[in-house]
Amino acid sequence: MGNSILAHIGKSAVEYDPDTGWFVWVCAYRKPFLVGRRAEHVTSNGYLYIKAAAQNHSASRLAWSLINGDIPRGLEIDHVNRDRQDNRISNLRVATRRENLKNRVFAPNRCGFVGVSKHEQSGLYRARHEGVTRYAKTAEEAAVLYARLIEERL
């Protein structure tokens, strides 16, 4: 690891390579067999964490902090390419919650239109964008309402 940076976590230490985004154990307290191995593990939310000093530490937050210093209060780390396991410094940025949420991909919905879903209780279709909801009788009408909501925000 050419331009790696050393980080101490409790009594352990990891090395971070900003080009690969990988953390490798340099000193693993009470677990010497881990030295030289990748330090991250994937949790149920799909992000990488490093378990040390009896806590899980977010690999993306640790990477950002090592290179750029503390993360300002109220800001989050966003993965630019949306890959939660890509912690290269070039793929990380600080963002507000709103900015971070804009950089996500939604699964295709059942009615076939972006921003439109069926309201099961009323049987109507709803168009939702940035906290505003409009209702229509058909999915097609709701798609038109969704397009208008986006235009209003521009």
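**Terms and values in a predicted model**

Biologist: Why is Asp 83 called partly exposed?

Modeller: The relative accessibility of Asp 83 is 36%. Buried means under 20% and exposed means over 50%, with partly exposed in between, so Asp 83 counts as partly exposed. Please bear in mind that this is a predicted model.

Biologist: Where does Asp 83 lie, and what is the distance to Arg 104?

Modeller: Asp 83 belongs to the loop between strand 7 (76-79) and strand 8 (92-95). From C-alpha to C-alpha, Arg 104 is 10.0 Å away in space, while the two residues are 21 residues apart in sequence.

Biologist: What makes the approach of Asp 83 to Gln 85 a polar contact?

Modeller: A polar atom of the Asp 83 side chain lies 3.0 Å from the backbone nitrogen of Gln 85. The limit for such a pair of N or O atoms is within 3.5 Å, and the value of 3.0 Å meets that limit.

Biologist: What makes both faces of strand 7 covered?

Modeller: Glu 76 and Asp 78 on one side are buried, and so are Ile 77 and His 79 on the other. In a regular strand the side chains alternate between the two faces of the sheet.

Biologist: Why are strand 4 and strand 6 called edge strands?

Modeller: An open sheet is formed by 3 antiparallel strands in the order 4-5-6. Strand 4 (40-42) and strand 6 (55-58) each have a single partner strand, so one side of each is without a neighbour in the sheet. Neighbouring strands here are turned by 45° against each other on average, direction ignored. Strand 5 (residues 48-52) is joined to strand 6 by 4 bridges, and Tyr 49 has Ser 58 in strand 6 as its bridge partner.

Biologist: Which strands form the sheet that includes strand 1, and which stand at its edges?

Modeller: That open sheet has 3 antiparallel strands in the order 1-2-3, with strand 1 and strand 3 each pairing on one side only. Its neighbouring strands are turned by 30° against each other on average, direction ignored. Between strand 1 and strand 2 there are 5 bridges, and Ile 5 has Tyr 16 in strand 2 as its bridge partner. Helix 1 packs on this sheet, touching strand 1, strand 2 and strand 3. Helix 1 (residues 59-68) also lies across strand 4, strand 5 and strand 6.

Biologist: Why is the pair of Tyr 16 and Phe 23 called tilted?

Modeller: The ring centres are 4.7 Å apart and the planes make 35°. Centres within 6.5 Å form a pair; planes under 30 degrees apart would be stacked and over 60 edge-to-face, so this pair is tilted. It is the 1 aromatic pair that the structure holds. Tyr 16 has a relative accessible area of 0% and is buried; Phe 23, likewise at 0%, is buried.

Biologist: Which residues touch the most other members of the largest nonpolar core?

Modeller: They are Ile 9, Val 14, Phe 23, Trp 25, Ala 39, Ile 50 and Leu 62, in a core of 19 residues. Helix 1 gives the most to this core, with 4 residues. A second, separate core of 11 residues includes Ala 127, Ala 143, Leu 145 and Leu 149. In soluble globular proteins, nonpolar side chains tend to be buried together.

Key
Residues are numbered from 1 along each chain as its sequence is written. This is a predicted model: local features need pLDDT of at least 70, side-chain atom pairs count only at pLDDT 80 or more; totals for chains, interfaces and linings use all residues. Side-chain values use heavy atoms; hydrogens and water are left out. Helices (H or I, at least four residues) and strands (E, at least two) are DSSP runs, numbered from the N terminus. Buried means under 20% relative accessible area, exposed over 50%, partly exposed in between (1.4 Å probe, protein chains only). A polar contact is a pair of N or O atoms within 3.5 Å; within protein, one must be able to donate a hydrogen and the other to accept it, and residues adjacent in sequence count only if both atoms are side-chain atoms. Two strands pair if DSSP finds at least two bridges between them. Axes are lines fitted to C-alpha atoms, for helices over the stretch in contact, and angles run from 0 to 180 degrees between N-to-C directions. Contact means heavy atoms within 4.5 Å. A nonpolar core is a set of buried Ala, Val, Leu, Ile, Met, Phe, Trp, Tyr and Cys residues joined through side-chain atoms within 4.5 Å. Rings of Phe, Tyr and Trp (its six-membered ring) pair if their centres lie within 6.5 Å; planes under 30 degrees apart count as stacked, over 60 as edge-to-face and the rest as tilted.
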